Structure formats: C-alpha cells, structure tokens
Amino acid sequence: MIPPMPDRHSSIARITAYRRIVLLTEGYSTPFLAKTAMSLLRYRADNVIALLDASSAGQSAEELLGVGGATPVIASLAEVDADALFLGIAPPGGSLPAEWRATILAALQRGIDVISGLHDFLCLDEELQAAAQASGARLIDVRKNNERQTATGEPLPENCLRIHTVGQDCAVGKMVVSLEVQLGLKARGINAGFVATGQTGIMIAGDGSPVDCVVSDFVNGAAEALVRRHSDHDVLVIEGQGSLSHPSFSGVTLGLLHGCAPHGLIFCHEMGRTHVKGLNEVPLRPIDELIKAYEQTAALRHPARFIGIGVNTRNATAEEAKIEKQRLAEEFGLPVCDVYRDGADALVDAVLKLREELMP
C-alpha cells in the first residue's frame, strides 16, 4: 500500500536545508535536458558538491554544461558524502529514465534523500518507497500536489507590486529573468520575493506551486493563493510558464496570468528561435502580436502592461546580441537586456519606476 502524501509545504521547505547535493544527469548532460541541474549550479552553487554522470566522470561541471565552475563530475555516489540526490533533468514528458532506478535505489539504501521534479512520482513506486522506509531516507516529489482551490477573483493586496515574466515560448529564460530581477531588487534594499511556479524554481526557493501539474480547474486558484501567501513583500516577481500561444501549454500560461493578476509584465524571448520548442513545424508568433495578446488577456482580470524585455542571446555573438537588443528597444520602446550578459539593472529600474508610479 502506498502511504499518504506527507504535508507538502514541510517537505518542499526542507529542500533548502540540504547542504551536500549531488545532481543526477547520467546520460542526459546537455543544456537542453539538464536545465534543472544548470539552474541549481547557478543559484545553489554553495550546496552542490558534485554532478553524477559516469560517462563524463573526471570533467568539471563547467566543462560539461558550461556552468558550475570546478564542481566535479563523478561516476558513483560512493565517491562523496551526500545528503540529497536531486534529479537534474527536465525531459519532454517528465518521465523517469528507466536506467536511473538503480542509482536512485542505491541513494535511498545509503540514507540519501531523493528529490524529483518529474511527472513520474517516485513516492508512488512501491520498491522505492520500501527502500526509503528501510533507511529512513525521504522521497520528495516536487510536482506532487493537492491543490484543490479555485480562484476567488477577489482583489489581491495592492500594496504589493506584482511582476510576472511571460514569453514567446517555453524554455526561453522566464525563471532566470525572474530570479535575477528579484536578486537585483534585493541588492537595492527592496523587500522583493520570488514566486516559483515550476519544478526548478521550487528546488531553488523551497516554496512554490508546480502549476503544470495542477488540475486545470485549480491553476488560477493555486497561483492566486501563492501570491496571497507572499504578499508581505513590497514586490513579488512571479515566474512564468509556457506561452499564451503554445499549442501544448497555453492553458497553464493563461491560468497563471489570471491567477497572479500582475501589475507589470516582462517579455522573455530567445534570439534566433523561429519555431515552438518541441513542435518544430509550428512557427513562433510575432512578439508584437503576443505583447498585445498578453496585455489584453491580463486585463480581463487585472490591468497590466509590459515594462521590459529579457532577451536570451546565448547562441549569438556579443555584437549580434547588441544589435538585437537595440532593435527590440527601438521597436517596442522598452528597456531590453540579457540578464546573463548585462545583468538585470535595466529591468530592475523598470520595476522601480512602475512601483513609484502606482504606489507613490
């Protein structure tokens, strides 16, 4: 018999307590698939002690993924003293690679907690549950949730400025832009919070709602409740998901947009991408068309306007990126930056300007 799910908030909050994390990316150590590992290497670097991929053992994380510095790539958990094994991939469909079961079992048998953001819930696997119970280890499924509240539609606190990142497509950098803007606001002395809405953001923040795994009727309510829970901040930066025009994920995007009822929007775009990720026959909608659609759709719940653009120029040269940023700024009359290359100051300035305008 599968035991009942433990209190989700206490389990998720525990994620930030791990100090000796190993990231499992075995056989999937590419920027396309290992984006969870890459973000943890960026935002929880002090807690990550190794990357586990036997096929690339001996390299550094920087050599393998372009991030993570000298963090070693190891072949076995026996090489380190870990307190948690994080599954570091976000594959299409969110399925557990069958070849990973032996590694997960070995971790549990050693008393190492296993944290997963996949759609295949480890806690529903009787063999893994038995191993965890025998050693006292924990299985934490970040996406497993019991969200069962519809949105009330009642006004959200207006003393907390809500900024929401939205995009032209999925996987264009909405989470990174959100985190960098929040960190930039905090650096200027602003009480700013980050609201995670996806598996990786939750693994970084230790809080949030996995809206892509919430029953459709409750997505708006989950987002609304999440915002209310964090409205003690002066500014909330809410991570976006999917795209309003994505044939697969537009429902989650719309539910999140209406649930969090933002004041300001930041548009996220990847330079050079022409077609929807995972649907190579579907061209991306033009940016100007989407900007209008987002503002009009948001206004059905709460008026919002775009205050900036976060452009991902990872596949461009510095000169090409400069030309693209200038083009976007001239076309849309908004501040534009690549938070990796430029920092987030331009977007932070835009947030503060909106706050001064709406909450003088």
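Residues are classed as buried under 20% relative accessible area, exposed over 50% and partly exposed in between, with a 1.4 Å probe and protein chains only. By this criterion, Arg-355 is partly exposed, with a relative accessible area of 24%. The structure is a predicted model, in which local features need pLDDT of at least 70 and side-chain atom pairs count only at pLDDT 80 or more, while totals for chains, interfaces and linings use all residues. Residues are numbered from 1 along each chain as its sequence is written, and side-chain values use heavy atoms, with hydrogens and water left out.

Charged pairs were examined next. Side chains of opposite charge can pair when their charged atoms come close. A salt bridge is taken as a side-chain nitrogen of Lys or Arg within 4 Å of a carboxyl oxygen of Asp or Glu, and the structure holds 20 salt bridges. Among them is the pair Asp-169 and Arg-273, whose closest N and O atoms are 2.7 Å apart. Asp-169 lies in the loop between strand E7 (161-167) and helix H6 (174-187), and Arg-273 in the loop between strand E10 (264-270) and helix H10 (287-298), so the pair ties together parts that are 104 residues apart in sequence. Helices (H or I, at least four residues) and strands (E, at least two) are DSSP runs, numbered from the N terminus. Both Asp-169 and Arg-273 are buried.

A further salt bridge links Asp-234 to Arg-355, with the closest N and O atoms 3.9 Å apart. Here Asp-234 is located in the loop between helix H8 (219-229) and strand E9 (235-238), and Arg-355 in helix H13 (residues 345-358), so this pair ties together parts that are 121 residues apart in sequence. Asp-234 is partly exposed, at a relative accessible area of 28%. Arg-285 and Glu-289 also form a salt bridge, their closest N and O atoms being 2.8 Å apart. Arg-285 is partly exposed at 40% relative accessible area, and Glu-289 is likewise partly exposed at 35% relative accessibility. Salt bridges with shared partners join Asp-169, Glu-270, Arg-273 and Arg-314 into one network.

With a disulfide defined as a pair of cysteine sulfur atoms within 2.5 Å, the structure holds 0 disulfides. The closest cysteine sulfur to that of Cys-170 belongs to Cys-268 and is 13 Å away, too far for a bond. Cys-170 is buried, at 12% relative accessibility. For Cys-260, the closest cysteine sulfur is in Cys-160, at 11 Å, again too far for a bond; Cys-260 is buried, at 1% relative accessibility.

Helix packing was described from axes, which are lines fitted to C-alpha atoms, for helices over the stretch in contact, with angles running from 0 to 180 degrees between N-to-C directions. Angles under 35 degrees count as roughly parallel, over 145 as roughly antiparallel, 65 to 115 as roughly perpendicular and the rest as oblique. The axes of H6 and H13 come within 9 Å and cross at roughly 70°, which makes H6 roughly perpendicular to H13. Contact, meaning heavy atoms within 4.5 Å, is made by Val-177, Val-181, Gly-184 and Leu-185 of H6 and by Leu-347, Val-348, Val-351 and Leu-352 of H13.

The axes of helix H9 (residues 250-260) and H10 come within 10 Å and cross at roughly 50°, making H9 oblique to H10. This contact involves Thr-253, Leu-254, Leu-257 and His-258 of H9 together with Tyr-294, Thr-297 and Ala-298 of H10.
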